[in-house]
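Biologist: I should like a close look at one part of this model, explained step by step for someone new to protein structures. Please connect that part to its surroundings as you go.

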Amino acid sequence: MPVKIAISLLLISFILITGCSSTSSSVRYNKPKEKKEEANRTPRFTSEDNFKSDTLNYKAPVPDSEVSEFDELPEEINSINKEEFIEEYRTTVSSGAPLSFREKLLLEVIKYIDAPYKYGGNTDKGIDCSAFTKHILSAFSVDLPRTAKEQFAAGASVDENELKFGDLVFFDTSKRSYPGHVGIYLGNREFVHSSRTLGVTISSLDEDYYKKRFIGARRFPLSR
């Protein structure tokens, strides 16, 4: 009798042990054994070189406010006193005397003095260089093309030493277009234009920035 009891106890112990094991549980309930989540997932960049490559090839979009015909911003250091300039021609108009061609053109210019620069803009609320020249010369029956490049291709070529009031002066300021910038010559080595930094202003051809970028001038038959 004691031997039978001992054998029975051993059988019961074996059944309990095997019945509670994870393997037995998976088989009994037809439930596949869950795999532990891998501690280390595959990184987005497989190596430092790949990371550098992806980073260097990324190009962030350029905000509209930073787009212009200037690859390098001009340093305006020699602009004339615009307040004095405007007051001089206000006095001329108030005198009641007939206006010369020069005075008429400058009065058109004054309408835009200090208008902010805006790439693609064409109003006194924001205007770029070629829209400015187009607006001014349209008052004298000249229908200019819209861009500086197209304006440079029109009109008669003028040597720098033979510049006259009303000629258009052009500058190489952008890799996107040749030329990239245009203004109107006023005499005394000065020209009026829509500048990226100052808006519509008057600058000198002898300023370093414009002197080294000047590429030529064009003359159009202005009605006077």
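What does D114 count as, judged by its relative accessibility?

Modeller: D114 counts as partly exposed, because its relative accessibility is 44%, a value that falls between the limits of 20% for buried and 50% for exposed. Please keep in mind that this is a predicted model. D114 is found in the loop between helix 5 and strand 1. Its backbone deserves attention: phi is positive, at about 75°, although D114 is not a glycine.

S141 is not a glycine, yet its phi is positive, at about 65°. The place of S141 is in the loop between helix 6 and helix 7. With a relative accessible area of 63%, S141 is exposed.

The structure holds 10 aromatic pairs. Y112 lies in the loop between helix 5 (101-110) and strand 1 (122-123), while F132 lies in helix 6 (residues 129-138), so the pair ties together parts that are 20 residues apart in sequence. Y112 counts as buried because its relative accessibility is 14%. F132 is buried as well, with a relative accessible area of 0%.

The end of helix 5 can be followed through E108, which is found in that helix. Leaving aside neighbours within four places in sequence, E108 is in contact with I136, A139 and F140. E108 and L137 are 29 residues apart in sequence, and their C-alpha atoms are 9.1 Å apart in space. The side chain of E108 makes a polar contact of 3.2 Å with the side chain of K111.

F152 and F170 form an edge-to-face pair, at 5.0 Å centre to centre and 65° between the planes. F152 belongs to helix 7 (residues 148-153) and F170 to strand 4 (residues 168-171), so this pair ties together parts that are 18 residues apart in sequence. F152 and F170 are buried. R218 lies over the face of F152, at 4.0 Å from the ring centre.

Y178 and P179 are joined by a cis peptide bond, with omega at about -5°. The place of P179 is in the loop between strand 4 and strand 5 (181-187).

Finally, a word on confidence. The protein chain averages a pLDDT of 76, and 63% of the residues score at least 70. Over residues 14-29, pLDDT stays under 50, and the model has 5 contacts beyond four places in sequence for this stretch. Residues 35-67 have a pLDDT below 50, with 8 contacts in the model beyond near neighbours in sequence. Where pLDDT is low, the predicted coordinates should not be read in detail.

Methods: Residues are numbered from 1 along each chain as its sequence is written. This is a predicted model: local features need pLDDT of at least 70, side-chain atom pairs count only at pLDDT 80 or more; totals for chains, interfaces and linings use all residues. Side-chain values use heavy atoms; hydrogens and water are left out. Rings of Phe, Tyr and Trp (its six-membered ring) pair if their centres lie within 6.5 Å; planes under 30 degrees apart count as stacked, over 60 as edge-to-face and the rest as tilted. Helices (H or I, at least four residues) and strands (E, at least two) are DSSP runs, numbered from the N terminus. Buried means under 20% relative accessible area, exposed over 50%, partly exposed in between (1.4 Å probe, protein chains only). A charge sits over a ring if NZ of Lys or CZ of Arg is within 6 Å of the ring centre and within 35 degrees of the ring normal. pLDDT is the predictor's confidence in each residue, from 0 to 100. Contact means heavy atoms within 4.5 Å. A polar contact is a pair of N or O atoms within 3.5 Å; within protein, one must be able to donate a hydrogen and the other to accept it, and residues adjacent in sequence count only if both atoms are side-chain atoms.
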